[in-house]
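Biologist: Please put the model up. I will ask what stands behind each label.

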Amino acid sequence: MAQTIEGHGGELALAALRAYGVTEMFTLSGAHVFPLYDAAHKAGMPIYDVRHEQSAVFAAEAVAKLQRRPGLAVLTAGPGVTNGISGLTSAYFNGSPVLVLGGRAPAFRWGAGSLQEIDHVPLVAPVTKYAATVADTASIPTAVARALAATISSHRGPAFLDLPLEVLFSSDDAAPPTAADPAPIEPDPDDVRVAAALLAAAERPVIIAGSDVWAGDAVAALRAAAEALQVPVFANGMGRGALPPGHPLAFAKARRPALNEADVVAVIGTPLDFRLGFGEFGAARVIHVVDAPDQRAGHVGTAVSPAGDLHRILSGFAGSGGDRADHAEWIAGLRAAEHAGAVRDAEAMAADTDPIKPARVYGELRKILADDAVTIGDGGDFVSYAGRYLEPARPGTWLDPGPYGCLGTGMGYAMGARVTYPDRQVCVLMGDGAAGFSLLDVEALVRQRLPVVIVVGNNGIWGLEKHPMRAMYGYDVAADLQPGLRYDDVVTALGGAGETVATSADLGPALERAFGSGVPYLVNVLTDPADAYPRSSSLA
Ligand SMILES: Cc1ncc(C[n+]2csc(CCOP(=O)(O)OP(=O)(O)O)c2C)c(N)n1
Ligand SMILES: [Mg+2]
């Protein structure tokens with residue numbers, strides 16, 4: 001191995017990026033970051049560019065989520081970085097290993113009013129695990145390696161570095177970076193024992209498995225734990241599909257009776273946030289299994305909260321042995337509820353209504369989506385329905401925005417998914433409102449030959465806001481969009497293709513054409529504006 005590496009700042013950064021398995025860059029052009037492009041270009045690292053920096057960060061996040069390694073976005077100084085902050089924040093909430101490298105106005109005349117001069121670090125520090133400015137060219141490899149190490153150590157999350165113009169454009173030599181393998185956090189064995197014993201002794205236990213089960217590569221251990229302890233499993237986020245549909249312990253539609261009647265609920269690899277009723281499940285005792293101690297819920301009491309490497313904790317559950325209460329009756333009861341839910345859903349998914357209800361869109365999609373398809377949700381009610389009616393067959397294939405709930409992930413996530421899986425189906429489920437945030441990035445997808453299918457649930461409204469506002473005030477404002485707008489024509493104008501569908505019989509053939517087209521293709525489905533996703537409150 002070379003004693004030192006030599007080059008300009010971009011080349012020095014690239015050496016560290018490669019050491020950590022980064023294989024592509026997402027960006028939007030800016031002179032402040034040219035050396036990073038020069039390095040990637042000369043080294044043959046693909047550079048994907050977008051039309052809004054949020055899409056670059058979302059694309060990097062999709063790569064990070066799907067491939068479980070750092071994703072990279074390179075953003076120019078000032079507005080490039082500030083446009084990426086919602087993406088960074090989403091990655092922070094999702095625990096996604098994303099590195100943003102920012103350009104930065106020159107240090108030598110800081111304060112004199114250079115173009116795009118602002119100190120990014122205080123802006124991004126609250127939403128990153130690590131944020132710093134690189135002081136000199138020779139320290140770039142170490143700084144980049146340190147930032148990348150932060151992204152992949154538990155609990156994972158984004159990191160940010162900016163590089164002053166003269167630091168990035170200058171040349172120097174430095175020690176070659178090596179990738180640190182983050183040491184797994186060893187859980188307290190007593191916590192693991194107590195949690196396993198609680199699940200085993202419970203009369204009506206439930207497991208909820210979240211995204212970190214996927215991110216922490218603990219899917220097989222989850223399955224082994226569930227089977228050994230005979231506990232029904234529900235899943236969220238990237239954990240969906242961790243137990244394949246059809247597995248005797250895999251449940252989706254019986255969530256309400258399960259959580260109402262459970263005596264022990266183990267939530268694994270996801271926070272006890274609003275998506276899970278803030279961790280209050282009636283009289284049930286709660287086990288919160290997290291991948292790092294700082295992820296333990298502080299707002300609700302738990303019976304026990306094992307913290308550490310999820311694979312180790314779940315393997316500990318699987319191997320716990322000892323006496324176990326008989327859960328067969330509990331499982332059979334939930335299976336009956338699941339079956340009733342599936343019958344109800346099947347009816348809704350086949351309904352031939354005019355206008356089309358979102359459920360029917362998913363009924364048709366389920367017929368055409370392969371087991372390994374990546375589905376992406378970006379919208380309000382339309383995506384809530386996707387969560388309900390689509391059942392991912394494999395973990396790590398469902399991309400939702402996560403608890404930060406940021407609209408606009410669609411085209412960025414689609415780009416990251418297509419780059420990750422050149423041959424799989426990639427399908428974005430988009431509200432018509434959500435479409436406004438990122439649809440112009442279809443241009444970037446077309447130009448770089450990254451075909452995806454976009455299904456817009458076009459109800460002509462910000463549905464998830466309009467219905468609650470009407471319910472609260474008896475009227476609504478700022479909640480209408482143009483009904484029947486031809487979002488498919490937008491995609492056609494950008495070099496892709498598409499069509500509008502107004503009757504349910506036309507849905508299936510349109511989706512067939514979309515997936516067969518080989519270009520970004522938008523199916524603009526006119527859905528019923530009167531249809532509101534049933535929920536108790538959108539704000540809770
Ligand atoms: C960036 C951002 N802005 C606003 C919101 C608030 N919001 C959440 S859902 C929603 C409505 C989404 O409408 P649409 O995409 O058309 O889906 P629909 O509910 O109509 O199915 C809005 C405005 C948000 N979550 N993120
Ligand atoms: Mg809408």
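Modeller: The structure holds one cavity of 30 Å³ or more. This is a predicted model, in which local features need pLDDT of at least 70 and side-chain atom pairs count only at pLDDT 80 or more, while totals for chains, interfaces and linings use all residues. Residues are numbered from 1 along each chain, ligands are numbered from 1 in the order in which they are written, and side-chain values use heavy atoms, without hydrogens and water.

Biologist: What makes a space a cavity?

Modeller: On a 1 Å grid over the protein atoms alone, a cavity is a set of points where a 1.4 Å probe fits but cannot get out. The volume is the space filled by probe spheres set on the points, which are joined across faces, edges and corners. On that basis the largest cavity has about 60 Å³ of space.

Biologist: Which residues line the largest cavity?

Modeller: A lining residue has an atom within 4 Å of a point. The lining includes Pro358, Asp381, Phe382, Tyr385 and Asp531. H16 gives the most, three residues; helices here are DSSP runs (H or I, at least four residues), strands are runs of E (at least two), and both are numbered from the N terminus.

Biologist: How many residues are around ligand 1, and which come nearest?

Modeller: There are 17, and Asp381, Gly405, Asp432, Gly433 and Gly463 come nearest. A residue is near if one of its heavy atoms lies within 4 Å of the molecule. Helices H16 (381-389), H18 (432-438) and H20 (463-473) each supply at least two residues of this shell, and the largest share, four residues, comes from H18.

Biologist: Why is the pair of aspartate 119 and arginine 104 called a salt bridge?

Modeller: The term needs a side-chain nitrogen of Lys or Arg within 4 Å of a carboxyl oxygen of Asp or Glu. The N to O distance between these side chains is 2.9 Å, so the pair qualifies. Aspartate 119 lies in the loop between strand S5 (98-104) and helix H6 (121-124) and arginine 104 in strand S5, so the pair ties together parts that are 15 residues apart in sequence. The structure holds 30 salt bridges.

Biologist: Where are the cis peptide bonds that join serine 154 to histidine 155 and aspartate 354 to proline 355?

Modeller: Histidine 155 is in the loop between helix H7 (140-152) and strand S7 (159-164), and omega is about -10°. Proline 355 lies in the loop between helix H14 (328-350) and helix H15 (358-368), with omega about 0°. Most peptide bonds are trans.

Note on methods:
On a 1 Å grid over the protein atoms alone, a cavity is a set of points where a 1.4 Å probe fits but cannot get out, and a pocket is an open set with protein on both sides within 12 Å along at least five of seven lines; lining residues have an atom within 4 Å of a point.
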